[in-house]
Amino acid sequence: MVTLTPKQQLENLLPYNMIATRKWLSSKGMSRHAIDNTLKSNKLKPLAVGVYTRPESPSSWQSVVCSLQLMTDYPIYLGGLSALQQFGLAQYLTSDHTKTIHLYSENKPPSWLDKIQQETHFKWHRTKTFWEDKLFSTDPFSREIDWHQGLPALKVSCPEKAFLEMLVDVPKSISFDHANEIMQGMTSLSPNKLNSLLKGCKSIKAKRLFLWFAEQQDYAWFRKLDLTDVELGTGNRVIAKGGKLDKKYLITVPRDLYG
């Protein structure tokens with residue numbers, strides 16, 4: 001059996017453009033002594049306490065997300081508006097939107113995530129109150145996007161799932177107009193995926209908003225939806241303050257968009 005040197009171990013475990021935690025490197029066989037020596041010899045660059053990258057390795061939000069997905073034993077997905085942007089479906093974006101990366105997971109974020117100096121901010125969404133477990137982690141509702149040759153692809157929510165995730169932020173950080181423009185570009189969604197997603201989504205607000213936006217466009221896929229077992233709750237929901245109540249979906253929407 002060939003014994004690798006610490007340098008060889010590091011090259012195997014931590015390619016350029018990726019980051020790693022001390023805990024993860026240790027779990028992959030690097031000793032504490034080897035990690036300390038690579039730090040002292042400047043073969044590792046600290047990004048935060050216990051979080052490292054290779055010297056001169058460019059750090060981007062993609063490298064952080066890809067590394068997170070590689071190091072964790074539970075699903076983490078790029079979702080919501082960030083996923084829609086990857087598919088070219090986000091329409092116009094403000095600087096605040098482009099600097100916010102939306103991540104979705106059943107678990108809490110690692111404590112070091114917000115301590116890394118980045119131009120972007122990672123907004124972490126817990127999925128336990130939004131998706132049934134089987135819908136969050138299964139392949140039919142995710143995509144893989146290549147971002148750098150030779151490195152793992154990013155795991156991303158499919159457009160159908162991402163749009164529903166985004167609706168939680170309407171109208172707080174996503175305007176009705178923006179969500180409506182995004183829906184106008186979603187001409188070829190999968191009714192089969194949407195049937196499963198709507199049944200497995202726990203957010204009454206997101207489901208009602210989705211159906212309201214979709215009905216305005218009257219796409220062919222919308223007419224194929226089976227809402228028989230979709231739970232839409234009861235009672236009115238005030239989403240747009242001072243808006244007009246849509247009597248079918250029982251949500252208030254901006255008057256200029258109504259009808």
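Is Leu 154 buried or exposed? I looked this up before anything else. Leu 154 is buried, with a relative accessible area of 1%. I use buried for under 20% relative accessible area, exposed for over 50% and partly exposed for what lies in between, with a 1.4 Å probe and protein chains only.

**Basis.** I am working from a predicted model, in which local features need pLDDT of at least 70 and side-chain atom pairs count only at pLDDT 80 or more, while totals for chains, interfaces and linings use all residues. Residues are numbered from 1 along each chain as its sequence is written, and side-chain values use heavy atoms, with hydrogens and water left out.

**Leu 154.** I placed this residue in strand β8 (residues 154-157). Helices (H or I, at least four residues) and strands (E, at least two) are DSSP runs, numbered from the N terminus. I then listed the contacts, meaning heavy atoms within 4.5 Å. Setting aside residues up to four places away in sequence, Leu 154 touches Trp 61, Gln 62, Val 65, Cys 66, Gln 69, Arg 143, Glu 144, Ile 145 and Trp 147. For Cys 66 I also noted the C-alpha to C-alpha distance: Leu 154 and Cys 66 are 5.7 Å apart in space and 88 residues apart in sequence.

**Val 64.** I found Val 64 in helix α4 (residues 61-71). Its relative accessibility is 0%, so Val 64 counts as buried. Not counting residues up to four places away in sequence, Val 64 touches Ile 19, Leu 113, Gln 118 and Phe 122. I checked Val 64 against Trp 221 as well: the two are 157 residues apart in sequence, and their C-alpha atoms are 36 Å apart.

**Core.** Which residues touch the most other members of the largest nonpolar core? I noted Leu 167, Phe 210 and Trp 221, in a core of 82 residues. Helix α11 (residues 204-217) gives the most to this core, with 7 residues. A nonpolar core here is a set of buried Ala, Val, Leu, Ile, Met, Phe, Trp, Tyr and Cys residues joined through side-chain atoms within 4.5 Å. I followed Trp 221 further. Beyond four places in sequence, Trp 221 touches Met 183, Met 186, Thr 187, Ser 188, Leu 189, Pro 191, Leu 194, Phe 210 and Ala 214.

**Thr 100.** I looked up Thr 100 in strand β5 (residues 100-105). Thr 100 has a relative accessible area of 18% and is therefore buried. Leaving aside neighbours within four places in sequence, Thr 100 is in contact with Ser 82, His 121 and Lys 123. Lys 123 comes up again below.

**Salt bridges.** How many salt bridges does the structure hold? I counted 5, where a salt bridge is a side-chain nitrogen of Lys or Arg within 4 Å of a carboxyl oxygen of Asp or Glu.

- Asp 169 and Lys 123 meet through their side chains at 3.3 Å, N to O. This pair links distant parts of the chain, 46 residues apart: Asp 169 is in the loop between α8 (159-166) and α9 (176-184), and Lys 123 is in strand β6 (residues 121-126). Asp 169 counts as buried at 10% relative accessibility, whereas Lys 123 is partly exposed at 29%.
- Arg 22 and Asp 36 form a salt bridge at 2.7 Å, N to O. This pair also links distant parts of the chain, with Arg 22 in helix α2 (residues 22-27) and Asp 36 in helix α3 (residues 32-40), 14 residues apart. Arg 22 is partly exposed at 24% relative accessibility, and Asp 36 is partly exposed with a relative accessible area of 25%.
- Arg 223 and Asp 218 are joined at 3.3 Å, N to O. Arg 223 is exposed, at 54% relative accessible area, and Asp 218 is partly exposed, at 42%.

**Whole chain.** The protein has 12 helices and 10 strands. Its C-alpha trace spans about 70 × 35 × 30 Å along the principal axes. Of its 259 residues, 49% count as buried. Among contacts with a separation of 6 or more, 65% come from residues 24 or more positions apart.
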